[in-house]
Amino acid sequence: MPAKDVYHDIVKNALIKDGWMILADPYTIEYEDDNLYADLLAQKTLLAQQQDRKIVVEIKSFLNPSPMNDFQNALGQYLLYRDFINFSHKNYELYLAVKSSVFNSFFQRKSIQAVIKHYGVDFIVFNQNREEIISWVKLSNIEN
């Protein structure tokens, strides 16, 4: 199993503050003869719809000198996780969790915006100091 990300506990605490229950830490994504390990599986009951919503969260720090290299790795991991979840017929949403300063700088570049919109990457943007979710960015429903 891979090591926990630097912001793992911060994102976990932010989700709990936001009313999510952590179901798995880490979450094993199983498909056929392979297992992948996402950081978290969380659930929240939507009272208006009387149903549970489950999300898989992959946390990325973007601390390396090359944010593009971090992005390449994160995107590849995200797409593989999403495919395995879809192949196994799980009705889970997948989110990439990044801190607000990274989202507000690197992820606002036009080239990066084009890629994340093309692939429909969904984000949880968090404040690491307050351990809070700043925003949910859902790009998976945008028409390309």
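## Basis

Helices (H or I, at least four residues) and strands (E, at least two) are DSSP runs, numbered from the N terminus. This is a predicted model: local features need pLDDT of at least 70, side-chain atom pairs count only at pLDDT 80 or more, and totals for chains, interfaces and linings use all residues. Residues are numbered from 1 along each chain as its sequence is written, and side-chain values use heavy atoms, with hydrogens and water left out.

## Helix H4

Glycine 120 follows H4. Its phi is positive, near 65°. H4 itself covers residues 110–119. Within H4, Ile112, Gln113 and Ile116 are buried (under 20% relative accessible area; exposed is over 50%, partly exposed in between; 1.4 Å probe, protein chains only). Seen down the axis of H4, the buried residues fall within an arc of 100°, so they line one face of the helix. The arc is taken from the directions from the helix axis to the C-beta atoms.

The cover over these buried residues includes helix H2 (67–87) and strand E7 (123–127). Contact here means heavy atoms within 4.5 Å.

## The largest pocket

A pocket is an open set of points on a 1 Å grid over the protein atoms alone, where a 1.4 Å probe fits, with protein on both sides within 12 Å along at least five of seven lines; lining residues have an atom within 4 Å of a point. The largest pocket has a volume of about 260 Å³. Grid points are joined across faces, edges and corners, and the volume is the space filled by probe spheres set on the points.

The lining has 19 residues. Asp5, Glu58, Ile59, Lys60 and Ser61 lie nearest the centre. Strand E5 (51–59) and H2 each supply at least two lining residues. H2 gives the most, with five.

## Aromatic contacts

The whole structure holds 14 aromatic pairs (ring centres of Phe, Tyr and Trp, its six-membered ring, within 6.5 Å; planes under 30 degrees apart are stacked, over 60 edge-to-face, the rest tilted). Phenylalanine 71 and phenylalanine 106 have ring centres 5.7 Å apart and planes at 65°, so the pair is edge-to-face. Phenylalanine 71 lies in H2 and phenylalanine 106 in the loop between helix H3 (100–103) and H4, 35 residues apart. Phenylalanine 106 is buried at 6% relative accessibility.

The rings of phenylalanine 107 and phenylalanine 123 are also edge-to-face, because their centres are 4.9 Å apart and their planes at 65°. Phe62, Phe71, Phe103, Phe106, Phe107 and Phe123 form one aromatic cluster.
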